[in-house]
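Please open the model in your viewer and keep the sequence panel beside it. The stops below say what to select next and what is to be found there.

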Amino acid sequence: KIMRTPIIAGNWKLNKNPQETTEFVNAIKNDLPKNTDVETLICAPAVDLPALIEAAKGSELHVGAENCYFEDEGAYTGETSPKVLNEMGIDYVIIGHSERRGYFHETDEDINKKAKAIFANNMKPILCCGESLETREAGKAEEFVEGQIKADLEGLSADQVSNMVIAYEPIWAIGTGKTATADQAEEMCAAIRKTVADLYDETVADKVRIQYGGSVKPANVKEIMSKENIDGGLIGGAALQPDSFLQLAHYKD
Ligand code: PEP
């Protein structure tokens with residue numbers, strides 16, 4: 001397996017307040033793996049980020065946002081500035097999550113603009129992609145995900161793509177308790193890497209980290225992480241409790 005630092009990331013979605021955020025980080029911060037071995041990251045709601053950043057200071061934990069806008073400032077009521085996220089100390093921003101694509105009608109064009117804004121502000125995007133059950137059953141999953149990747153990466157440099165994270169999250173496996181089999185996940189992550197190789201080159205494809213997301217939990221993380229093209233997990237439900245997040249982070253033990 002090519003050496004890419006694995007990345008175990010929690011996506012809290014619309015859960016936890018600042019106090020719960022502080023308590024969670026205090027419960028895990030002294031037991032996290034070394035960054036050079038397994039990178040760990042919590043992505044929290046915008047209102048919890050000051051608490052997350054403060055509590056994570058001096059620890060191995062990276063801090064991320066779940067979304068941002070593609071403009072730094074202006075008349076955009078209710079949006080979150082990528083420039084301010086960077087000033088606050090945020091490392092990663094999730095973009096293109098299926099909940100944002102679905103409930104908030106985000107398009108590939110929006111997502112592409114967000115990716116560019118995140119890089120312009122010295123942070124890294126975690127780009128989510130993934131097909132619906134209907135698309136999978138129609139035998140069009142790979143074609144669909146490839147289309148998302150091409151549209152979402154449009155105009156990004158080789159260096160940027162080398163340093164970002166892509167998360168394959170089949171919609172039918174998110175929050176449903178249904179996990180893609182490790183082989184299904186590996187197959188799509190390999191296809192995504194090939195798409196990156198076709199768009200850029202093998203060096204970029206070897207560097208980009210690809211996570212699987214969709215009902216990852218302590219019981220299945222080891223098998224998923226054993227796959228050649230899977231470099232991490234993006235985890236919702238099982239990242240909400242300190243114990244289970246630590247077990248995920250220590251999947252190698
Ligand atoms: C997610 O929201 O990114 C996710 C994968 O959720 P869950 O782990 O709960 O399926």
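Begin by selecting E169, which, once its neighbours within four places in sequence are set aside, is in contact with S98, C128, G130, I174, G213, G214 and L234; contact here requires C-beta atoms, placed from the backbone, to lie within 7 Å. Before going further, note that this is a predicted model, in which local features need pLDDT of at least 70 and side-chain atom pairs count only at pLDDT 80 or more, while totals for chains, interfaces and linings use all residues. Residues are numbered from 1 along each chain as its sequence is written.

E169 sits in the loop between β6 (165-168) and α9 (182-199), helices (H or I, at least four residues) and strands (E, at least two) being DSSP runs numbered from the N terminus. With 27 C-beta neighbours inside 10 Å, E169 counts as buried; the term applies when 20 or more other C-beta atoms lie within 10 Å of a residue's own, whereas 12 or fewer make it exposed and anything in between partly exposed.

H97 belongs to the loop between β4 (92-95) and α4 (98-103) and is buried, with 28 other C-beta atoms within 10 Å.

Next, select Y168, which, again leaving aside neighbours within four places in sequence, is in contact with residues including C129, A185, I192 and Y212. Together with V93 and I166, Y168 touches the most other members of the largest nonpolar core, which has 75 residues; such a core is a set of buried Ala, Val, Leu, Ile, Met, Phe, Trp, Tyr and Cys residues joined through C-beta atoms within 7 Å.

Then move to W172, also in the loop between β6 and α9, where 19 C-beta neighbours inside 10 Å make this residue partly exposed. Beyond four places in sequence, W172 is in contact with S132, L133, R136 and K178.

Finally, select helix α2 (residues 49-56), whose buried residues are L49, A51, L52, A55 and A56. Seen down the axis of α2, these fall within an arc of 160°, so they line one face of the helix, the arc being that of the directions from the helix axis to the C-beta atoms. They pack against α1 (18-28), β2 (39-44), β3 (61-65) and α3 (82-88).

Technical notes. Two residues are in contact if their C-beta atoms, placed from the backbone, lie within 7 Å.
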